[in-house]
Amino acid sequence: MSVDPFTLEIIKNGLIVANEEMFQAFARTAKSPVIYEVLDFAVGMTDGQGNLIAQAPGVPAFSGVLDFAAKEVLEKWKDDLHPGDIIVSNVPYYSGTHLNDVTLALPIFFKDELIGMVLNKGHWSEVGGMAFGSWNPNATEIYQEGVMYPCVKLYKEGKPNKDVIDIILENSRLPDYTYGDMEAQAASMRVAARRVFSLIEKYGLDSVLLAMEKLLEDGEKYARLKLQELPKGEFEAEDYIDSAIAQTEEPVYVRAKIKITEDKFLVDFTGSGKQVMSPINSPFPATVSGVRETYMAVTDPHAHPNAGFFKPLEVIAPPGTVFHPVKPAPTSTDWEAIAYATDLVWKALAPYVPEKLTAGHFVSILATIVGGVDDRTGEPFAIVEPQPGGWGAGYDMDGTSGLVACGDGETYIASSEVYEKNFPIMVERYMLNTEDGVGHGKFRGGFGVIREYRILNSTALATLQVGRHDFPPWGVDGGLPGPGNKIFLHRNGKVEEIRRISAEVLKKGDLISFHSSGGGGWGDPLERDPKRVLEDFKNELITLEVAENIYGVKIDPEKMEIDWDATEKLRERLKRERK
Amino acid sequence: MAWRIGVDIGGAFTDFYAIDPDTGENIWVKGETTPKDPSRGVIETVKKSGMNLGKAEALIHGQTIVINSVVTRSGAKVGLITTYGYRDSLELQRANRRDMYNFRYRKPEPFVPRYLRLEVNERIKSDGEILRDLNPEELKKIVEKFKKEGVESICISFLNSYVNPKHEIEAGRIVRELTNNEIPVTLGHEITREWGEYERTNTAVLNAFVKPKMYRYLTVLEEEIKKMGFRGSFFAMLSNGGMAPFDFVKEYPIYSIESGPVAGVIGAIALGEIINEKNIIALDGGSTTTKASLVENLTPKIHSEYYVGRDKFNPGYPVKVPVVDIEEVGNGGTSIAWIDEVGNLRVGPKAMGADPGPACYGKGGTEPTVTDAYVVNGLINPNYLLGGEMKIYRDLAVKVIKEKIAEHYNITVEEAAEGIIKLANENAANAIRIISVQKGYDPRDFTLIAHGGSGPMFAPFIAEDLEIRKIVIPTIHPGVFSAWGMLLSDIRHDVISTNIVRLDWEDAVEKINSTYDELEKRLMEIYENEGVKSEKVIVMRYADMRYKGQEHTVKVPIPSGEIKEESIEEIKRRFHENHERAYSFKLLDSPVEMVNFHVTGIVKAKRANIKEKKSDSRSVEDAIKEERKIFLNGEFMVLPVLDRDKLPIGITMEGPMIVEDPTSTVLVLKSQKLKVDKYGNLIIVKEVGK
């Protein structure tokens, strides 16, 4: 070895820091709030063969797509890549998620040798299509969701490829934003490339290449160590996606078979339903992302997610299914099926890897758009957001309440005060959803939320989509399922339940009421420590009836005490009845 | 009777620094920190100084009690009163999952359990209009419940109180009556008038949480120090880098949550002013962490986006009070070196702290630390530290590094020690990258002022790595620099309030003027309460501004006095400029909004400036303590070791060499030059061309 192990360690850190700096640079310079507020992007770096050596995803749903993009670029352009080229691609089936997520790739050359590639995939606010913002629950084929950029050169040897850029901008409803984000994306990648060059200058090319190799080696070594800690064998789970969002007559059956051996982690979705004419389909790279989330969760959530670390993982999903749609399946609300890919692996393993996994969570993000023209100013406004919900119980802990779903990460839910000031709505309540409750158990699920928007404007348009309604968050080991997600619309003195609406006109005084689901429970509710039941009652999380009928705990509400004798008798009786 | 005293509680030591601003005469001493009862450590240290307290006019105190109470959750039982529909904002937080692959992720536990978070059916709209009145009967029931549950501190935080605090004020009055003023009350809008119900409520709750404890602590301290003959005024350091009378902090202790580390930044600014360095990176190397702060044009970066306990995987608790922007990484003199699962060497974030400390302290430490590595390679004194106060056992350091690191890699103990040093330096350099490179600044445009016990040790390596051209090791002993920095702080208050004003509105000028007038009135009320005349207060204005539609803001200085139509253009210009620096673009056609109005008041304290030292006839030879064999960059060499206090003023020397200060050690590298300036500061510069 030409370089000592500690210097090598510093070079490795330098390569990882290069990614973090690229991440910060893009977050700092992008023009669209979806980038700098929601962090809906990921950056990464590969070696010369397209192996991901380091990445920094802003949301976990992006953790598997960058290597697909790198391989796509290398396959298409292998002999025609030059220093200063930047490639653009967004076609979901080959490298992506939905069309909004656009990957740029910058090959790094050192003296004519391709030594690596820098990648940045970000959500562009506009890529054309049938609806503003490009994603829409009503799309039936991809052509309605925007323009495809099929792995073409955006820059050629450092010069902008004006023809391609013109086509992109001409097809965007927000060309300024599109151009701004594109430029920021390219600039951030150059930051990372510069850092690699300064490492080469300081430590020499061989040392840097060795560090890249070592990162992959370490990743693989670490993954194998972690695999040893997992139970070996075959595990299975199945579930259904609500027909209301899949736009099908029957719910969509999905399944996963997982096989864990000493050196493999195989996930097979064979048997899952066909792709649907609704945009919930998860492109194959996105399916891999979804699986990687759970793979990270069960191995080490803090591991460096690189190709070495992911090497033992293999994902199979037959083409033509919801987990591997082919052209022209729409994919713009792909988060629904991506989350199922994550959730199925999770569901199969939860009973066997309790120290890493919980019972099921609310999964669907209750995707929300409320917009219109503000009466007060005459200017357009738009709320675009996911809703938070309840997470499942662990074998030794209650679930966490009010968190964003698995595909979101460092995603912030807005303050009511900010919404009320900026938009013509009033957020009447934002609280734990104690009305629908949670999945009860020895440990109970976390609570979803109730969040209510009163429209104060003359009119507003609402686009909403809610999944995991008919097939609620699952429990483990006798824990009960959560209640399922619901959205209610209060108007004209009536309350109706909504599953999927697109640009529906709402009037002043109408109220949208989100009731996200609580998480699933873990273990038999009759085994729950009565003191915890009392605490939940004291905290007004459950009623006296739930304490009695589900948990078999008799509480004196005046004294705030448990009647231990009555509890024992009641639990014995309930145990017999439930057998 | 003009002396000023600074007393700073740190993790391991409580530092005392007193100075007579007129003569420059000073006394400093380091005492032990006593975490269980910090006032004892303070009193012992003051005693240890032997100073006649009767001649002092002011005592300025920096402490870590507020932050420690929050971190260890040892404070009062708080009851919270909120608006209908919002009792859970403390628990919902912002719903983000910072540890995104951890499916057993748990949020930070709220400081008030749900049964003590109670609602009243009042409602104020976002424009301040009252939709539903406050009902005193509801409050009565709540207070009864709080009394029954033994609540020790009450917090009232209503939705939209940042716009209209009427209901909070009314509820506060009623609750105080109902409790006969026996339970302290904190009102959300009193702490901050920024929007964001979770952040504002959490800030107020934490204030309520620490209030009873801090009240007792400061009261005891006042009494004890007075007993020792002190007749001056008591001031507490605030997180904004200023200070305020004890009485202010008794009411609003949360303002002093980060009062410890900021003093070093204030000291660095004061030193920069004296030696004419305007752009500074202040590096504070402690025993368990390294802190870095960027200062542009002698102005500290103040923000109110502070979080307690936030890191890569934990969101922490938001505290919306003005805080000097400081980045902290888990890397200090006692950070532990360890080998990870796949066999790579790591340093930190775990540290040994002062007890038992590094192996070489001989107090039973069994893990190799950064200090052990420095001792093994001879870069710090292998016999004693703290000017002889503390004995060092090199053989213990050798043993632990050999067994835990060197044998694993089958290398010599010196090579292993060098590996630890390299990685520790890399960690410290990262703290600087975060505050500079990642925020759009080039570290090469800044001078590094390094202090703290380990700061001067890291600095020369970091400067090499980041190509920083100039390092200053202060003439004040680096180990007590923070305590000195406190003596240079001004009486400072910040008042911040959210009010959205778009610059293209017809009534923008009127709204801006009325908002600043109101804030300045509130600012002056604070000073009046402290007995300061308004003409002594220097007022500065800022605004957090953004393009319409954005969420993030940038802080922009705003002209003082009456804002006129013409001023709007100037404000816009300043905003575009600041936005471009921070985010590298500007949108000249987009409407611009003011979001938070921020007014700062400063009453200049009497400065205890550094005096020039007389050049003397001493020679470098007099300063040489010994020649020491050290290991650096893979080879053994012999370096001169110099006594910092005996270095002649005005000399310039070529590295490499070691300089020993009673509180720290400096290594000057081969490519670097050492100068001693007329104040006694050590200036290390890189030789051009080497």
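A nonpolar core is a set of buried Ala, Val, Leu, Ile, Met, Phe, Trp, Tyr and Cys residues joined through C-beta atoms within 7 Å. In this predicted model, the largest such core has 339 residues, and those with the most contacts inside it are Val205(B), Ile401(B) and Ile420(B). Leaving aside neighbours within four places in sequence, Ile420(B) is in contact with Ala337(B), Val347(B), Pro368(B), Val370(B), Ala373(B) and Ile405(B).

## Chain B as a whole

Chain B has 17 helices and 37 strands, and of its 690 residues 52% count as buried. A compact globule with 690 residues would have a radius of gyration near 26 Å, and because chain B has 26 Å, its value agrees with that expectation. Taken along the principal axes, the C-alpha atoms of chain B fill a box of roughly 80 × 60 × 60 Å. Among the contacts in chain B with a separation of 6 or more, 66% are accounted for by residues 24 or more positions apart.

The domain assignment of chain B gives five entries, some of them made of several segments: domain 1 (3-70 + 214-259), domain 2 (75-209), domain 3 (261-331 + 425-467 + 479-486), domain 4 (335-421) and domain 5 (491-603). The centres of domain 3 and domain 5 of chain B, taken over C-alpha atoms, are separated by 26 Å.

## Where the chains touch

The contact between the chains takes 51 residues from chain B and 57 residues from chain A. On the side of chain B that touches chain A, helix 3 (89-92), helix 7 (197-227) and helix 12 (413-435) each supply at least two residues, and helix 12 of chain B gives the most, with four residues. Sorted by class, this side of chain B has 21 nonpolar, 14 polar and 16 charged residues.

## Chain A: domains and strands

Chain A is divided into domain 1 (5-216), domain 2 (358-523) and domain 3 (526-578), and 55 Å separate the centres of domain 1 and domain 3 of chain A, taken over C-alpha atoms.

Seven strands of chain A form an open sheet in the order 2-1-5-4-3-6-7, with antiparallel pairing. Strand 2 (52-57) and strand 7 (159-160) of chain A stand at the edges of this sheet, and because each has a single partner strand, one side of each is left without a neighbour in the sheet. Strand 3 (residues 86-89) and strand 4 (residues 101-110) of chain A run antiparallel and are joined by three bridges; the bridge partner of Val88(A) in strand 4 of chain A is Leu104(A).

Strand 12 (residues 367-373) and strand 13 (residues 380-385) of chain A also pair in the antiparallel sense, over six bridges, and the bridge partner of Ile369(A) in strand 13 of chain A is Val384(A). These two strands of chain A form a hairpin with six residues between them, and Gly378(A) in the turn has a positive phi of about 75°.

Ile450(A) is found in strand 15 (residues 449-455) of chain A. Is Ile450(A) buried or exposed? Because a residue is buried if 20 or more other C-beta atoms lie within 10 Å of its own, Ile450(A), with 22 such atoms, is buried. Leaving aside neighbours within four places in sequence, Ile450(A) is in contact with Arg429(A), Met431(A), Asn433(A), Glu435(A), Ser513(A), Phe514(A) and His515(A). The C-alpha atoms of Ile450(A) and Ser517(A), 67 residues apart along the chain, are separated by 9.4 Å.

## Backbone details

| Feature | Value |
|---|---|
| Cis peptide bond from Lys327(A) to Pro328(A) | omega near 5° |
| Cis peptide bond from Gly348(B) to Pro349(B) | omega near -5° |
| Positive phi of Lys111(A), not a glycine | about 45° |
| Positive phi of Ala95(B), not a glycine | near 65° |

Pro328(A) is found in the loop between strand 11 (313-316) and helix 11 (335-349) of chain A, whereas Pro349(B) has its place in strand 22 (residues 345-351) of chain B. Lys111(A) lies in the loop between strand 4 and strand 5 (113-123) of chain A and counts as exposed, because it has 8 C-beta neighbours inside 10 Å. Ala95(B) is found in the loop between helix 3 and strand 6 (117-120) of chain B, but this loop residue is buried, with 24 other C-beta atoms within 10 Å.

Key. Residues are numbered from 1 along each chain as its sequence is written. Chains are lettered from A and ligands numbered from 1 in the order in which they are written. This is a predicted model: local features need pLDDT of at least 70, side-chain atom pairs count only at pLDDT 80 or more; totals for chains, interfaces and linings use all residues. The radius of gyration is taken over C-alpha atoms; the globule rule is 2.2 Å times the number of residues to the power 0.38. A residue is buried if 20 or more other C-beta atoms lie within 10 Å of its own, exposed if 12 or fewer, and partly exposed in between; C-beta atoms are placed from the backbone. Two residues are in contact if their C-beta atoms, placed from the backbone, lie within 7 Å. Ala, Val, Leu, Ile, Met, Phe, Trp, Tyr, Cys and Pro count as nonpolar, Asp, Glu, Lys and Arg as charged, and the others, Gly among them, as polar. Domain bounds come from an automatic or database domain assignment. Two strands pair if DSSP finds at least two bridges between them.
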